[in-house]
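Please look over the structure shown below before reading on.

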Amino acid sequence: MIARALTNTQKQAERITELVEHKVPQNIKPIANTASGITKHPANKSLKKAAQTKFSKVADQYNNHANVQKLAANDLFKLLSANPQNKNKLCVDLGAGPLVNTHTLQNEFGQVFAIDLSLNMLKSSTLNTPRICADMDNLPLQANSVDALFSNFAVQWSANFELLMQSLYRVLKLGGQAYISTVVEGSLNEIKTAFTALDNSSHINSFNTHTYINQSVQKAGFVINSLQKKVYTDCYSTPLKAIKSIKAIGATTQNHTNTRQGLLTKSALQKVCNAYPLINNKACVSYHVVLLSLQKPIIKFK
């Protein structure tokens with residue numbers, strides 16, 4: 001089943017594909033994507049490389065700091081349709097990181113394999129499941145080959161969310177399900193506010209709007225079974241700890257050009273911390289998140 005979902009081997013300079021070989025069954029071979037039309041606008045290679053590097057560096061500590069991600073995953077699992085038939089289905093954990101959600105998916109689906117951009121993240125887990133190191137913007141999956149897709153706190157790293165939704169639609173079978181959480185506009189506003197005391201540069205990522213997410217999934221052809229917007233908040237004893245929390249989960253790669261170059265001086269960092277908005281003497285970091293339950297419709301021909 002897994003082997004049928006994968007495309008044939010072919011080198012492509014625009015993506016990274018590696019296998020954690022000791023975790024992959026013998027019938028799975030190194031793969032590359034040959035899909036047409038989906039990747040007309042290749043992802044920014046330097047941005048992808050930077051994201052891969054930063055997430056790889058925090059692989060060992062990610063689980064200790066990914067508090068909000070765990071909350072979102074729990075809510076996303078509530079949208080998953082429990083069905084005895086799932087034991088005969090193949091699910092992809094997209095942007096799986098250190099496979100924290102893959103184990104839960106294994107309890108629901110017959111076969112699960114994990115995809116992530118960071119090889120170190122994939123290697124950090126001892127879970128017995130196939131895993132592939134690949135770019136979500138160039139998925140190494142055949143059309144109509146996957147029964148379900150699960151992706152928590154990952155697709156905001158796509159270089160083009162609209163094209164990614166088209167790609168996910170392509171790889172799903174008719175009637176296939178997609179369960180996705182993604183960070184949207186309004187996130188990290190506390191950090192953004194604090195840094196305005198320093199300069200006019202952007203110090204956080206730009207995120208898609210709720211409206212754009214909605215439009216993109218419908219344009220791809222998905223039926224929206226559920227769309228929820230939630231705000232998750234993580235609070236810290238000091239502004240410095242709040243700022244460092246972003247680095248601890250690898251989410252410091254900037255996806256735009258209006259960024260400050262170089263490290264902050266001690267005095268500059270202190271200025272930012274002094275300007276950090278506090279709530280009950282706590283420095284909070286908020287994430288605005290959209291939770292999606294999608295379906296590729298079953299087309300009936302007369």
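1. Cys 235 is partly exposed, because its relative accessibility is 41%; here buried means under 20% relative accessible area, exposed over 50%, and partly exposed in between, with a 1.4 Å probe and protein chains only.

2. This is a predicted model, in which local features need pLDDT of at least 70 and side-chain atom pairs count only at pLDDT 80 or more, while totals for chains, interfaces and linings use all residues. Residues are numbered from 1 along each chain as its sequence is written, and side-chain values use heavy atoms, with hydrogens and water left out.

3. The structure holds 1 disulfide, a term that here stands for a pair of cysteine sulfur atoms within 2.5 Å. Cys 235 and Cys 284 form this bond, with an S to S distance of 2.2 Å. Cys 235 lies in strand β7 (residues 223-236) and Cys 284 in strand β9, so that distant parts of the chain, 49 residues apart, are linked; strands are DSSP runs of E, at least two residues long, numbered from the N terminus.

4. The disulfide of Cys 235 and Cys 284 is right-handed, because the torsion about its S-S bond is about 95 degrees. Cys 284 is buried, at a relative accessible area of 6%.

5. Two further cysteines may be noted: Cys 91 is buried at 1% relative accessibility, and Cys 273 is buried with a relative accessible area of 14%.

6. Ser 293 is placed in strand β9 (residues 282-295) and is buried, with a relative accessible area of 5%. Leaving aside neighbours within four places in sequence, the contacts of Ser 293 include Leu 79, Tyr 179 and Asn 225, where contact means heavy atoms within 4.5 Å.

Note on methods
Helix = DSSP H or I, 4+ residues; strand = E, 2+ residues; numbered from the N terminus.
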